[in-house]
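I opened the model today to look things up piece by piece. These are my notes, in the order I took them.

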Protein chains: 2
Amino acid sequence: MSYVTDDKLVILGAAGAIGSNMVQAALTLGMTPNVCMYDPFEKGLQGAAEEIYHCAFPGAKVTWTTDIATALQGAKYFVSSGGAPRKEGMTREDLLKGNAEIAAQLGKDIKAYCPDLKFGVIIFNPADITGLTTLVHSGLAPSKIGTLAALDSTRLQTALAQHFGVAQDEVTGCRTYGGHGEMMAVFAGTTKVAGTPLTDLIGTDKLTNEQWEEIKGHVKQGGKKIIQLRGRSSFQSPSHQSLLMVKAVMDGQGYPWPSGLYVNDPANGFNQIMMAMETTLDSNGLHGKMPSGSEADIAALSESYQHLCKLRDEVIEMGVLPPLDQWSTVNPNLA
Amino acid sequence: MSYVTDDKLVILGAAGAIGSNMVQAALTLGMTPNVCMYDPFEKGLQGAAEEIYHCAFPGAKVTWTTDIATALQGAKYFVSSGGAPRKEGMTREDLLKGNAEIAAQLGKDIKAYCPDLKFGVIIFNPADITGLTTLVHSGLAPSKIGTLAALDSTRLQTALAQHFGVAQDEVTGCRTYGGHGEMMAVFAGTTKVAGTPLTDLIGTDKLTNEQWEEIKGHVKQGGKKIIQLRGRSSFQSPSHQSLLMVKAVMDGQGYPWPSGLYVNDPANGFNQIMMAMETTLDSNGLHGKMPSGSEADIAALSESYQHLCKLRDEVIEMGVLPPLDQWSTVNPNLA
């Protein structure tokens, strides 16, 4: 069995459903044998580690610890699912306060223990805000911290494939941007269904305007639907897709979905925020650009941005993020 | 993304923890894009399928159904975790009656819907008995139905690595045989620790006889320990290892651990049973031979066999398996 790299990958929240799945999936994907499992819940962490040992991945050197310094020391990559989970009926925003504080501490720990980090992914909700908070406090360059945003796009792909009765792969170019919440911007212009532009199908018998609105609603409620069906938050798809983000930096082979990244683009009206944009992800980390779309698409993106600004400003008021004009002092890479 | 084969792989019990993990892991391992998810629990099954769709595995054609005929039609491979789960405090044997009936029906369904099956793995407990019951009723050759037995050996490897403070890979040749239950036979003679035969270490300061007995106890209680630590049965290691068994048949690249298989070897005193022996697993399916070991090892194997015979005979008394002398009528491959 060969691995892409020997670099240390830390899974934060490794006792949980997403985290323990990630350890297994990272080894199955052949990313690195050097995986460290961190979680404050020692008993569950030990149990999750034992399961991984019983998998007997050739060459694996999996460690576990409840000490964050030990976990992050020398880390080159991490994924953190280590927030409080969303329960049925909660919005992502309900989680804001507690998880923003966890994110701020994570950022400080990164600054203290692994300033040479190559790439980290934040996936605990609301990820746009926890990712932003982690980045600000970490002192790292914006290319090195991202958030998982792909699931909205893959849910759009799934819903369109089911509507049209085609293979999932035949629905291409699905793109959602902005926040990973109910205010996300679902773009229509980039998607094709078996080669036909989605914009040529919307408003026809094949996909009425009502049906399209319904599909967009499904996408926005995709996470809630999993909770209703399975009785628990999704954990397999966030695990798989966030690891593919890390793998793209490890092997430089690219990543096909949008990611959440730090955006400071006054020309387009987006300032000091983290959200999904059109992104490239490779051995240089994460880089974004303004997506193209119809006027309605861009308006939806602006609305999503405004919603995120409100959440960000709440976190500033809480004292968990510094005022906007002090970010460059805390993190010179944000100057 | 390339896959080893396009053959249909059916995951039975796909709404459960093991089954849903297997669907993700089979696609991550690149086994086949053609995965069918079966479970009688429709809501959970749909939720598990949606999660897999949101993973967006390139080229995947994943279907789900609550109809066993649809599931098995045209299947070339399956893994079944579709029994009742073991709860804290239950022994595997407590599950005997209900799961043996499920296994008998599965065997009949295989006979009816996928007589061209290449290989199937049974992992619901007590797997030695459910695997045997499935095989008898399936009408298939013994090389085509196996049970997962590796976890006892990987648990032995884990426990020895932890005791000696060496990398898991440095503990080689771990072997447990016989039943996958508390009566398993833990062999000492094949194992080396960093190149030193385990038999040279047992009874020394490095591994006292008491410590060795304790480690054997840990191995036998390995599944219970996971339940105590995680609050649930192990699901990641059974998923991963049972898929590697199927992959060995798909790609012919071999499998490094013992498997449970049908044994009818009067010369060695083992008749009409399914249990772990020294096995090869490749594109021809599963083949076994008598393991070599010390007198004590062989005595432990015989004891494990006797225990399995009692369970088998209980299932015969229940009418779920035919009397021994009628097996060849039900399954001519067992003549």
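Predicted model: local features only at pLDDT ≥ 70, side-chain atom pairs only at ≥ 80, totals over all residues.

**Entry 1: a hairpin in chain B**

I began with β13(B), where the bridge partner of Ser259(B) is Met277(B). I counted six bridges from β12(B) to strand β13 (residues 270–282) of chain B. The two strands run antiparallel. Four residues lie between the strands in this hairpin. There I noted Gly269(B), with a positive phi near 85°.

Next I asked what else β12(B) pairs with. I found strand β6 (residues 145–148) of chain B, joined to β12(B) by two bridges in the antiparallel sense. Thr147(B) has Gly260(B) in β12(B) as its bridge partner.

**Entry 2**

I then turned to an open sheet of three strands in chain A. I read its order as β7-β10-β11, with antiparallel pairing. β7 (171–172) and β11 (196–197) of chain A are the edge strands, and each pairs on one side only. Two bridges join β7(A) to strand β10 (residues 192–193) of chain A. Across that pair, Val171(A) stands opposite Val193(A).

**Entry 3: helix α5 in chain A**

I looked up helix α5 (residues 127–138) of chain A, which has 12 residues. From first C-alpha to last I get 16 Å, close to the 16 Å expected at 1.5 Å a residue. How many of its residues are buried? I count 12 of the 12, so α5(A) is largely enclosed by the rest of the structure. Just after the helix, Gly139(A) takes a positive phi of about 75°.

**Entry 4: two domains in chain A**

I have chain A divided into domain 1 (9–149) and domain 2 (150–335). Their centres, taken over C-alpha atoms, are separated by 21 Å. The contact takes 47 residues from domain 1 and 49 residues from domain 2. Which element gives the largest share of the domain 1 side? I found α5(A), with 10 residues. Other elements giving two or more residues include α1 (17–28), α4 (96–113) and β6 (145–148) of chain A. By class, I sorted the domain 1 side into 28 nonpolar, 10 polar and nine charged residues.

**Entry 5: the two chains together**

I laid chain B on chain A with an RMSD of 0.0 Å. This took a turn of 180° and a shift of 0.0 Å along the axis. The two copies are thus related as by a two-fold rotation axis. I also found that 100% of the contact residues of chain B recur in chain A, the same surface serving both copies.

The contact takes 37 residues from chain B and 37 residues from chain A. On the chain B side, α2(B) gives the largest share, 11 residues. Helices that each supply at least two residues include α6 (150–164), α9 (222–230) and α10 (236–251) of chain B. I sorted the chain B side into 12 nonpolar, 17 polar and eight charged residues.

Technical notes:
Residues numbered from 1 in each chain as written. Chains lettered and ligands numbered in written order. Expected span 1.5 Å × (residues − 1). Buried ≥ 20, exposed ≤ 12 C-beta atoms within 10 Å, placed from the backbone. Domains from an automatic or database assignment. Contact = placed C-beta atoms within 7 Å. Nonpolar A, V, L, I, M, F, W, Y, C, P; charged D, E, K, R; others polar. Least-squares fit on C-alpha atoms with pLDDT ≥ 70 in both. Pairing = 2+ DSSP bridges.
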